[in-house]
Amino acid sequence: MRAIFESLGAEIVWDEATRAVTAIKGGTTVKLTIGARTAYHNETPVALEVPPVIKNGRTLVPLHFVSEALGAGTYWDGKTQTVRIVTALFPVIKNGKWGFIDASGALVISPQFDEPRLGFKEGLALVRVEGRPVFIDLSGKTAISLSRSLECNSYFAEGLAVVVDVSDPARGHVSGYIDKTGKVAIPLQFEEATEFSEGLAAVKIGGKWGYIDLTGKEIIPPQFIYAWPFSGGVARVAVTTAIPGHEGEERWKHGYIDKTGRYIVEPELEEAYDFSEGLAFVAVDGKRGYIDTTGEMVLETRLGPGIFSEGLAPVDVEGWKFGYINKAGEVVIPPSFRGAYPFSEGVALVYVNEKKWGFIDKTGDFVIAPHFLAAGSFSGGLAVVYTEEGMGYIDKTGSYVWAPQL
């Protein structure tokens, strides 16, 4: 058991008294109890096909559930007769068709798809085959083929994915959710819907946004002009208020709610961003800075907005000159870049100009020189990059594991 969790980058805690194991990876928590058919993913109960057991002194856990809960997946390798754990697969293009590689650059799913709509999550990826949306598993086999009346642009999250009925333009599009068998789990009834996060999803009914649970039950009634996903038990929401002296005109005001719908920060903010590492950038009454989850301004600063990641946040210091601050508000990486992104896996994506993207470490030094036309942040040990030759992937040394091509 320990080897599985550690290979997925999780720390584990064993409670002998309750015979329960808890795995923690970043903001994700998974709890299983020996003999119990119910596990908990971020406090959300999940039914298991088989319970964890202790056999011959070893703890055996449901591999499929554990892998997906910690951001990986499993598939059966018929050649070797083994179950493989895949922590990440990356879409690549070759001769106009799309497939997927692993972190070593080895092809796992040969290029054959028209378009990879999204990468893998919870063991499934959305692709297009002959113009139709199809979910494939980690072996490349079709897991779900949607009917022509349905469209999808959603990952699976907590076992469900958003689908949209586009069969009747006169009626308008309606959204609902399917499960991993492709069956409709929550009827198509919403004007818009978002992916689940922490057991809740924002949906739009009658022009307003509220939240439902995994059964489709309304938890927070529709009342917001817009609503964002929950993270750390908190969600950002927006309402409209009248503009004094401007009859008939309205503006958005932002606030934050808990999972009961109670405001923990009243909707009085002119500007607001999602929480990250316990802090969110806001602007209110001429003040700008970072609040904690109680709504207290813990760092007032004119710099920003930026999202904290790995203890640092990218901010505009001198008008399109970006650097990084720490949680004390100190500029720890000078403003040397035209643009900067949050740190991920120890490095951050920055650009010197529109055609020179590279990666820096936490001292601000380039570890991968800026020479890409565009790039994405590192995830799963790789970063996507673009050159004149096309799209490719590099590792942390800057070496190509998949050479750029079209």
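Two strands count as paired if DSSP finds at least two bridges between them. Strand E34 (residues 322-325) and E35 meet that rule in this predicted model, pairing in the antiparallel sense over 3 bridges. Within that pairing, Phe322 has Phe337 of E35 as its bridge partner. The points below cover the sheet, a hairpin, the aromatic rings and a pocket.

- Strands of a sheet pair through backbone hydrogen bonds, either parallel or antiparallel.
- An open sheet is built from 3 strands in the order E33-E34-E35, with antiparallel pairing.
- Its edges are strand E33 (313-316) and strand E35 (331-337), each of which pairs on one side only.
- On average, neighbouring strands of this sheet are turned by 30° against each other, direction ignored.

**Hairpin E15-E16**
- Strand E15 (residues 132-136) and strand E16 (residues 142-145) also pair in the antiparallel sense, over 3 bridges.
- Ile136 is the residue opposite Thr142 in E16.
- The two strands, E15 and E16, form a hairpin with 5 residues between them.
- Gly140 sits in the turn and has a positive phi of about 95°.

**Aromatic rings**
- A pair of aromatic rings is described by the distance of the centres and the angle of the planes.
- The model holds 18 aromatic pairs.
- One of them joins Tyr273 and Phe281, with 6.2 Å centre to centre and 65° between the planes.
- That pair is edge-to-face, because an angle over 60 degrees falls in this class.
- Phe281 is buried, because its relative accessibility is 1% and the cut-off is under 20%.
- Tyr273 has 29% relative accessibility, so this residue counts as partly exposed.
- Ring pairs link Tyr273 and Phe281 with Tyr290 and Phe308 into a cluster.

**Second largest pocket**
- Rolling a probe the size of a water molecule over the atoms shows where empty space is left.
- The second largest pocket has a volume of about 680 Å³.
- Its lining comprises 23 residues.
- Nearest the centre of this pocket lie Val46, Ala47, Phe65, Glu68 and Lys180.
- Strand E5 (44-47) and helix H2 (63-69) are the elements that give two or more residues to this lining.
- H2 gives the most, with 5 residues.
- By residue class, the lining divides into 12 nonpolar, 5 polar and 6 charged residues.

Terms used: Residues are numbered from 1 along each chain as its sequence is written. This is a predicted model: local features need pLDDT of at least 70, side-chain atom pairs count only at pLDDT 80 or more; totals for chains, interfaces and linings use all residues. Side-chain values use heavy atoms; hydrogens and water are left out. On a 1 Å grid over the protein atoms alone, a cavity is a set of points where a 1.4 Å probe fits but cannot get out, and a pocket is an open set with protein on both sides within 12 Å along at least five of seven lines; lining residues have an atom within 4 Å of a point. Grid points are joined across faces, edges and corners, and a volume is the space filled by probe spheres set on the points. Helices (H or I, at least four residues) and strands (E, at least two) are DSSP runs, numbered from the N terminus. Ala, Val, Leu, Ile, Met, Phe, Trp, Tyr, Cys and Pro count as nonpolar, Asp, Glu, Lys and Arg as charged, and the others, Gly among them, as polar. Axes are lines fitted to C-alpha atoms, for helices over the stretch in contact, and angles run from 0 to 180 degrees between N-to-C directions. Rings of Phe, Tyr and Trp (its six-membered ring) pair if their centres lie within 6.5 Å; planes under 30 degrees apart count as stacked, over 60 as edge-to-face and the rest as tilted. Buried means under 20% relative accessible area, exposed over 50%, partly exposed in between (1.4 Å probe, protein chains only).
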